[in-house]
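Student: I have a structure open beside its sequence, and I would like to learn how to read its side-chain contacts. Could you take me through them one kind at a time?

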Amino acid sequence: MTLSLESVPPTSMPARARPQLRPARFDDYEQIARLEAALTPEASSPDDWRMLWHGSPLWPHLGKRWPIGWVLETADREIVGCIGNVPLLYHLRGEHLMAASGRGWVVAPEYRGYALWLLDERFNQPCVDLFIDTTIGPAASSAFNEFSNRIPVGDWETLSYFITSYSAFATRAMRKLNLPLARMLAPSAGAALRLKDVILGRGFPKTHAAYNIESTDRFDSRFDTFWDELLRQNPDKLMAARDGATLSWHYSVSMRRGRLWILTASQNRQLRAYCIFKRHGATADVRRMRLVDYQSIDRDVDLLPDFLAVALRKCVAEDVCVLDKPGIGVGRTHAFDALAPYRRKQTWPYFYRAIDSGLAVELRQPKFWDPGEYDGDASIE
């Protein structure tokens, strides 16, 4: 599960022994996992946690010099704070940019006066061109607003979504409002929501019969060919690597847990577009799928509505309650926003920081961005 970076920087240091800051090690897993449990009830297994680094195609080239993160450690060797550091490869105008994504910034309450020490160490690491952080939570927002930049494309405080299981959605909403008899009244409330969407909903455009939409469970050699063409077509866009090996690592845990839908669109047996949906934020009452990436090399044809039609049917068949997408107003996924009838708010999650001054100037311009949930660590695991 992707973790939101969390910290509450106070105004003064705590009146206790100063912890030491050091690079994290793989054998720190158990203590780091206990800290991260404060952020999520579903901690990564030791193998899944190590896969964030060991499984990456970059690791054979970076492993000896790349810090997996940093920890705050007391004199008794108790880890009281941590922040992860995941390497990612980005491309812009034929150049490779080494990016670092933060993960799991969390500090024990009595040591939160030292939280910014971890952040400062991360931002001052060598051999990094770009910092990409896409899971910033409410408590960390002020720090990232101070030390990073908000991405200049899209409204990332808003999610658009479809309801696909009306009764479950109504039950959850009524319980959140502490309404009595929520489970008993939910079917009627859900039926009313469904009727509203049928009457007021936007119709989907006609599907493109020339394309074959299929599901797959792996990223085969077609994705390498597709990535080469996608990169050729978009030299002036900042894009995270999407070759087959990188995609297989990025989604490895989700695929193994059966939480990923990979949909492809082919023409004459050639991959022309793909769309990826990932399970997230499951609770006892609500199962959610999220659009995390849509890419196409046929510029004149928008196949996203075709993919959405398939995904919505799968949601109904598999008792998924909501299909959503963060960030509205991003051109590539405009069709989702146009068709989805609902919106909700969240804390702005997407920040970046460029080291080179020339790159920093360029990335203030929306034309250099092609953002989505694939960036940073938002959909890893």
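Tutor: Let us begin with charges: a salt bridge is a side-chain nitrogen of Lys or Arg within 4 Å of a carboxyl oxygen of Asp or Glu. Please keep in mind that this is a predicted model, in which local features need pLDDT of at least 70 and side-chain atom pairs count only at pLDDT 80 or more, while totals for chains, interfaces and linings use all residues. Residues are numbered from 1 along each chain as its sequence is written, and side-chain values use heavy atoms, with hydrogens and water left out.

Student: How many salt bridges does the structure hold, and which residue does Lys345 meet in one?

Tutor: There are 22 salt bridges in the structure, and in one of them the side chain of Lys345 meets that of Asp155 at 3.9 Å, N to O. Helices (H or I, at least four residues) and strands (E, at least two) are DSSP runs, numbered from the N terminus.

Student: Which residue does Glu36 meet in a salt bridge, and where do the two lie in the chain?

Tutor: The side chain of Glu36 meets that of Arg103 at 2.9 Å, N to O. The pair links distant parts of the chain, with Glu36 in helix 1 (residues 29–36) and Arg103 in strand 4 (residues 95–107), 67 residues apart. Glu36 counts as buried at 5% relative accessibility, and Arg103 is buried too, with a relative accessible area of 2%. Salt bridges can also join into a network, as they do for Arg242, Asp293, Arg332 and Asp370.

Student: How should I read aromatic pairs, and how many does the structure hold?

Tutor: Rings of Phe, Tyr and Trp (its six-membered ring) pair if their centres lie within 6.5 Å, and planes under 30 degrees apart count as stacked, over 60 as edge-to-face and the rest as tilted. The structure holds 23 such pairs. The rings of Tyr161 and Tyr342 have centres 5.3 Å apart and planes at 25°, so they are stacked. This pair links distant parts of the chain, since Tyr161 is in strand 7 (residues 155–163) and Tyr342 in strand 14 (residues 342–345), 181 residues apart. Both Tyr161 and Tyr342 are buried.

Student: Which residues form one aromatic cluster?

Tutor: The cluster is formed by Phe219, Phe223, Phe226, Tyr251, Tyr274 and Tyr374. Phe219 and Tyr251 are both buried.

Student: Finally, which residues of helix 4 are buried, and why do they line one face of the helix?

Tutor: An α-helix has 3.6 residues a turn, so residues three or four places apart point the same way. In helix 4 (residues 115–123), the residues Ala115, Leu118, Leu119, Arg122 and Phe123 are buried. Seen down the helix axis, these buried residues fall within an arc of 125°, so they line one face of helix 4; the arc is that of the directions from the helix axis to the C-beta atoms.

Terms used: Buried means under 20% relative accessible area, exposed over 50%, partly exposed in between (1.4 Å probe, protein chains only).
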